[in-house]
Amino acid sequence: MPMTRRDFGILLRGAAALCAAGALSGPALGRPVRKTPYGAALALADLKADPRLGEAIAATCDAIVAVTEMKWSDLRPRPGEFAFDKADELAAFARVNNLAMRGHTLVWYAVMPDWTNQIANAAEAERVLTEHIETVMARYRGTVRSWDVVNEAIPDAVRGVGDRRPTIWSRHLGERYLPLAFKIAARTDPAAELVLNEYDVEFGDTRCRTKRAAFRNLVHQLLDAGAPLHAVGLQCHLRGGMPVDREGLAAFVAEMRGLGLKCLVTELDVIDQKLPGPAAALDQAVASQVDAVLSAATAGGPLDMLMTWGLSDRYSWIPYSYPRRDGLPNRPLPLDRDFRRKPFMDVIDQFTS
Ligand code: XIL
């Protein structure tokens, strides 16, 4: 039965009471004790519609991140206005269930509200960007301690290490918007972990190698510009069946660590569109690809955070963006549609404990 607003309120209040009584800690909830925190992306609508999801998150995860609720599309209906209701509810769920929360994302080229196209000049762009980062980070200070400051700054059709994706911000400010965003973020919440997040840097084909080289180049550029960058985020939306560049990825992570940066896996799932069934074979292929990427990323030591983009196959973006054509439901995540563990979950446990 769908959870009503009232049920959800009761769930939050009940948990808050337990929390205040000191009863609601990770192990008390039956959560595994992990060396590397594990978390999952969560959408408020799914949380409200299906009580099993909140229970599974509380029992399995140390952290959540909002699927869309902290993106510009959700937070910024009109210039100068902020719509925090949905993000606030997820932040409350995190607090009462003693979960950490990551913020995603302060700057992204995608899902921008139309009104941002009306930004007229550099001064206005800098004012709007500053207002956004300051207002959003200040609201969740203390709850969100790790932010994707810039998401996906490298273009898909990357030709060279200097390639950067065009955005509304680069149109007006040039590439200086990148260090600027980090500086505003650090000024607003000096205790927050500030992350540069990217995808398609995990594989060995020419495009992904070039993308990784451009990502590396951007990290150096940011550090040279004095940007307060603390961590790199590897999204790890794994393209099912595409070989992971184990050596290249391990060397990249080692170099980032050598620069003093943390390494997070931020959005792990497997795009299983083209992986052959049946389900059991699919689950093995998914787990072995996850094992490959996590082996490479942890070759020099444990990750600082590991998050999957969702927890159960029932609530994932993959069936919408990469549907299978053989009638078999997609199986991109650690738990199946009925919240049963799959081999993927064993791999998560192995690399976090
Ligand atoms: C996706 C969400 O899962 C979808 O619900 C939404 O419509 C589009 O964005 N990389 C990211 C995430 O950084 O924000 C994307 O999330 C998935 C790819």
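Guide: We go through the pocket, the ligand, the cavity and then some backbone points.

Visitor: What kind of model is this, and how are residues numbered?

Guide: This is a predicted model, where local features need pLDDT of at least 70, side-chain atom pairs count only at pLDDT 80 or more, and totals for chains, interfaces and linings use all residues. Residues are numbered from 1 along each chain as its sequence is written, and side-chain values use heavy atoms, with hydrogens and water left out.

Visitor: How is empty space found?

Guide: Rolling a probe the size of a water molecule over the atoms shows where space is left empty. On a 1 Å grid over the protein atoms alone, a cavity is a set of points where a 1.4 Å probe fits but cannot get out. A pocket is an open set with protein on both sides within 12 Å along at least five of seven lines. Lining residues have an atom within 4 Å of a point. Points are joined across faces, edges and corners, and a volume is the space filled by probe spheres set on them.

Visitor: Which residues lie nearest the centre of the largest pocket?

Guide: They are V67, K71, H237, W309 and W317, out of 28 lining residues. The largest pocket holds about 510 Å³ of space. Two or more lining residues come from each of β1 (38-42), β3 (100-108), β7 (237-239), β8 (262-271) and α12 (318-321). Helices (H or I, at least four residues) and strands (E, at least two) are DSSP runs, numbered from the N terminus.

Visitor: What classes of residue line the largest pocket?

Guide: The lining has 13 nonpolar, eight polar and seven charged residues. Here Ala, Val, Leu, Ile, Met, Phe, Trp, Tyr, Cys and Pro count as nonpolar, Asp, Glu, Lys and Arg as charged, and the others, Gly among them, as polar.

Visitor: Where does the ligand sit?

Guide: The ligand takes the space of the largest pocket. To sit there, more than half of its atoms must lie within 2 Å of the grid points. The residues around the ligand include T68, H104, N151, E152 and E267. By class, this shell has four nonpolar, five polar and three charged residues.

Visitor: Which polar side-chain atoms lie by an oxygen atom of the ligand?

Guide: A polar contact is a pair of N or O atoms within 3.5 Å. W309 has a polar side-chain atom 2.9 Å from a ligand oxygen. For N151 the distance is 3.0 Å, and for Q235 it is 3.4 Å. The protein covers 75% of the 410 Å² of accessible area that the ligand has on its own (Shrake-Rupley method, 1.4 Å probe).

Visitor: How many cavities of 30 Å³ or more are there?

Guide: There is one. Its lining includes K71, W72, T105 and M112. Strand β3 gives the most to this lining, with three residues.

Visitor: Which peptide bonds are cis?

Guide: In a cis bond here, omega is near 0°, as from H104 to T105. T105 is in strand β3. Another cis bond joins G277 and P278. P278 is in the loop between β8 and α11 (279-297).

Terms used: Near = heavy atom within 4 Å. Polar contact = N/O pair within 3.5 Å; in protein donor to acceptor, adjacent residues only side chain to side chain.
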